[in-house]
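Here is a short report for a reader new to this structure. Look at the sequence and the 3D view before reading on.

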Amino acid sequence: MTTPLLKLTGINKSFGPVDVLHDISLDVYKGEVLCLLGDNGAGKSTLIKIFSGVHKPTSGEMEMDGKAVAFDSPRDASDHGIATVHQFGGTFPLMSIGRSFFIGAEPTRRWGPLTIYDRKRANEIAVTEMRQLGITRIDDGDRLVGGLSGGERQALAIARAVHFGASVLILDEPTAALGVKEAAHVLRIILQARKKGIAVIFITHNVVHALTVGDHFAVLIRGAKAADFRKGEKSREAVTDLMAGGEQMAELEAEIESFAAMQGEHA
Amino acid sequence: MKSQALDQAAQAATAPHTPNSSMPSLGSLVRRPEVGSLIGMIAVLVFFSIFGGANFLAAGGAASWLNVAAELGIIALPVGLLMIAGHLDLSVGSMVPASSMTIAIISGHYDAPILVGILASLGLGLAIGFINGLLVIRTKVPSFVVTLATLFALAGLTLGISVILTGSTSVALKSGPVAKLLLGDYLGGKFEVTLFWWIASILVVGFVLNLSRFGNWILAMGGDAVSARNAGIPTDRLTIALFMSSGLCAAFVGMSQAILYNSAQVAAGQSFIFNSIIAVVIGGVLLTGGYGSVVGIVLGTLTFAIVNQGIFYTGFDANWASLIIGVLLLAAVLMNNTFRTMALTYAPRSKARTR
């Protein structure tokens, strides 16, 4: 735990005249879940795009295992072991589970003089890896990804990242579109990935989900890091207040309640 | 030899825990998305067999629609691959006559060896495909617009150069017996040799899409080009290669037509633009990319050819053929959507059977 796996120092990012990120420093450790919290537009997406090689920071340093790195492309970042899973997981709903699991890294076998895609092995590995993450409903790798539930797609994408040896797993709002049970399942998968020694960066604006699995929390407000604390250092209310931009959530709640009461009178 | 049913019963009795993945169940068969195209083809085949009389199914009748299917099919296969990859190629409509004129001018008008003409016309196809692909990836203009532009540009170029060089829009071509036999002859006086070239292309494209890893790349690129590129797929090279293959196949058809008919016209081949798209879409390929199969494309091509030619065997006025194709296209797309939804909602097999 001495050297962070991924270390950001003084990262700034601006798009033309617009400053999106301001002096962000973050440490990400192996086998820990870092929760990145923040309201919409706080700069979470831009930050993960810097992690995953989509954007380059305007200024600031990024280190992996103590060595300075700069990612030229998403491909470059994933070669460094950084895997990003987006909200809807697999983006190929009309491909089979086995095929989408191995996109760009298809297993092959000899077939006479020809080298062919090894569908059987791809399906087997994909199904096995998903089973290891607790998705036991899937027994056929030929099924289309679009037939999976949201949580299962997240599991497929996470299983893929784990299989290809990701050391940093970035999950962009994996639970946002899921029901309660499915979200709980994804949270369990996050803990499983952590147990394997993977550094997980979990982006969410659900404080309950974050506090359930997080070891370390960073709150972004308008592009700047407003708070950085470890598990148990802040209460749920304090975190929620921070995310709401420092405003007292209680005040907002009172406002909503009085509005609801007014509506009630009119009805 | 035991029947399949007995086999299954025995398996169920002795080893109820064995998953029966090797044996496709009726359910999974119905959920094969090609079923929609198969039903469509059988429907038109039955329809024209009834109304077309005995001649329609006799060798002569079958040859008339199989010949149409072969020429269209050779172009529809790479156009289908392109569509699965998320692109369209309209320029095939000009590629066919451009290639016909190329071989006719080189080997007919200038009397060069036929092989030179063949290579030149195929080379032209590859070159135009390369230009299409390069324009699409460099300009990011939709391939519909890019190939619409090359469709017109190439048509103009073909007409202009033909008139300058030969003073005519139609050039005769005499080819030797070998070229004739391999590329432009009738077997048994009825079946074009292009049929065999079609079968060969089906095998090649089927291999590429289903068995090689490129098939995976094509599907992924059509599903989401950005994610595919991020996953390390060389999407630019793949796009160029696919456009080159459709250029090559269109050139092949134009070249073999010139050899078959012993002449080339500037204005032949525009029908291939929409006919290839219709065949591919009837075959269940998603117009927006990411989905499709070779079996479907072949079935769609056959369906189109049957309707197109079958009408002549019925008592109906041939003018109705386009109406039938229009209705068929809509019905096929709706049916394909249904089967695709079924494939997506393919629920796990019941627990009693799998475990």
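## Where the chains touch

In this predicted model, 20 residues of chain A are in contact with 25 residues of chain B. On the side of chain A that touches chain B, α2 (74-79) and β8 (114-117) each supply at least two residues. By class, the residues on that side of chain A divide into 8 nonpolar, 5 polar and 7 charged.

## Two packed helices in chain B

Two packed helices are described by the angle between their axes and the distance between the axes. Take helix α6 (residues 92-109) and helix α8 (residues 143-166), both of chain B. They pack at an angle of about 20 degrees. Their axes are 8 Å apart. Angles under 35 degrees count as roughly parallel, so α6(B) is roughly parallel to α8(B). The crossing of α6(B) past α8(B) is left-handed.

Which residues meet here? On the α6(B) side they include Gly93(B), Met95(B), Met101(B) and His109(B). On the α8(B) side, Leu151(B), Ala155(B), Thr158(B) and Leu165(B) are among them. The contact of α6(B) with α8(B) has 9 nonpolar and 6 polar residues, and no charged residues.

Helix α15 of chain B covers residues 294-310.

Is α15(B) enclosed or open? Of its 17 residues, 16 are buried, so α15(B) is largely enclosed by the rest of the structure. A residue counts as buried if 20 or more other C-beta atoms lie within 10 Å of its own.

Methods. Residues are numbered from 1 along each chain as its sequence is written. Chains are lettered from A and ligands numbered from 1 in the order in which they are written. This is a predicted model: local features need pLDDT of at least 70, side-chain atom pairs count only at pLDDT 80 or more; totals for chains, interfaces and linings use all residues. Helices (H or I, at least four residues) and strands (E, at least two) are DSSP runs, numbered from the N terminus. The expected span of a helix is 1.5 Å times one less than its number of residues. A residue is buried if 20 or more other C-beta atoms lie within 10 Å of its own, exposed if 12 or fewer, and partly exposed in between; C-beta atoms are placed from the backbone. Axes are lines fitted to C-alpha atoms, for helices over the stretch in contact, and angles run from 0 to 180 degrees between N-to-C directions. Angles under 35 degrees count as roughly parallel, over 145 as roughly antiparallel, 65 to 115 as roughly perpendicular and the rest as oblique. A crossing is left-handed if the near helix is turned anticlockwise from the far one by less than a right angle, and right-handed if clockwise. Two residues are in contact if their C-beta atoms, placed from the backbone, lie within 7 Å. Ala, Val, Leu, Ile, Met, Phe, Trp, Tyr, Cys and Pro count as nonpolar, Asp, Glu, Lys and Arg as charged, and the others, Gly among them, as polar.
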